[in-house]
Structures are given as structure tokens and as C-alpha cells.
Amino acid sequence: MSDWKQPQVTTKVSPRSVAATVSRLTEILSAKGMKVFAVIDQSEQAREAGLALRETTLVLFGNPAAGTPVMDAAPLAALDLPLKVLIWADGDQTNVSYYSPAAIAARYDLTPDLAAKLAGIDPLTDALIAG
């Protein structure tokens, strides 16, 4: 494994392939009524540029009803919203990585009520990696 760990990033291991994990995430988001803003296959973009990159897909999603009050209170929070989950291969392992809600809340000095609007990403990714 590479030395890629960062304290503000939460990484969980998925029992599925990158493609299957991305598919499961978009299904979970849809079932929860959340908006998927973009699914960016970064490894495909690299291939189109003639470069090689491990399987890497970034999913941008959120709930405008939850995110808008955060951005209204802290306009620069829009740099981190919508929420993003990076699903990527590290050898035979599929990782699910994202900035922790606590890190985002601390970065923008959010009140506990606003920070709570971001906390749903933890149980969502727990459901994503469940067997």
C-alpha cells in the first residue's frame, strides 16, 4: 500500500470493485433522494489523454436543502460542497475516501447545527461498504 493517508480524510475499504462500488453509491444516493451532481471517471480521462491512472472515480453529490444553509453561513464552504467521495483502487483493494465532516466543519468554523448537515456522509459510506 502507498503512503496516502491524511488525518482529515476518512478512508474505508469496499468489498466490491471500483465500478461496483460507484454503482452501489449512486443507487444508495438515489434511494435516499440525494442529488448526484457528477460522476467523474478520472482514470478514463487520463486514458483519453494518453496517460495511465489506477481506477479512480470521483462522485459529487448532496442535498441542496442541507448544503445551502452551510454555504449561506460560510460562503467558502462552497469549495467543499457538494460533498465528494473518491472511489479508487490501491492494488486489489477498493478504497472509499472523503474529507471528514469534522474537518470540513472545522475548516469553516461551522456551528454544531450546520456541521450536523454534513455528518450524514459517515453512515452513508458505512452502508456503501457493508457486505
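How many salt bridges does a search of the whole structure find? The search finds four, a salt bridge being a side-chain nitrogen of Lys or Arg within 4 Å of a carboxyl oxygen of Asp or Glu. The structure is a predicted model, in which local features need pLDDT of at least 70 and side-chain atom pairs count only at pLDDT 80 or more, while totals for chains, interfaces and linings use all residues. Residues are numbered from 1 along each chain as its sequence is written, and side-chain values use heavy atoms, with hydrogens and water left out.

The protein contains six helices and five strands, where helices (H or I, at least four residues) and strands (E, at least two) are DSSP runs numbered from the N terminus. Read from the N terminus on, the elements follow the order β-α-β-α-β-α-β-β-α-α-α. The C-alpha trace spans about 40 × 30 × 25 Å along its principal axes. The radius of gyration, taken over C-alpha atoms, is compared with a globule rule of 2.2 Å times the number of residues to the power 0.38; for 131 residues a compact globule would have a value near 14 Å, and the 15 Å of the protein agrees with this. Of the 131 residues, 38% count as buried, a class that means under 20% relative accessible area, whereas exposed means over 50% and partly exposed lies in between (1.4 Å probe, protein chains only). Among contacts (heavy atoms within 4.5 Å) with a separation of 6 or more, residues 24 or more positions apart account for 67%.

Helix H1 covers residues 18-31, and its 14 residues reach 20 Å from the first C-alpha to the last, close to the 20 Å expected at 1.5 Å a residue; the expected span is 1.5 Å times one less than the number of residues. The buried residues of H1 are Val18, Thr21, Val22, Leu25, Ile28 and Leu29. Seen down the helix axis, these buried residues fall within an arc of 130 degrees, so they line one face of H1, the arc being that of the directions from the helix axis to the C-beta atoms. An α-helix has 3.6 residues a turn, so residues three or four places apart point the same way. The face of H1 turned away from the buried side carries the exposed residues Ala19, Glu27, Ser30 and Ala31. The partners against which the buried residues of H1 pack include strand E1 (9-14), strand E3 (56-62) and helix H6 (121-129). After H1 comes glycine 33, which has a positive phi near 75 degrees.

Side chains of opposite charge can pair when their charged atoms come close. One of the salt bridges joins aspartate 126 and lysine 12, at 2.7 Å from N to O, and this pair links distant parts of the chain, with aspartate 126 in helix H6 and lysine 12 in strand E1, 114 residues apart. Aspartate 126 is partly exposed at 42% relative accessibility, whereas lysine 12, at 13%, is buried.

A further salt bridge brings arginine 107 and aspartate 80 together, with their closest N and O atoms 2.6 Å apart. Because arginine 107 lies in helix H4 (residues 101-107) and aspartate 80 in the loop between helix H3 (64-73) and E4, the pair ties together parts that are 27 residues apart in sequence. Here arginine 107 is partly exposed at 34% relative accessible area, while aspartate 80 counts as buried at 11%.
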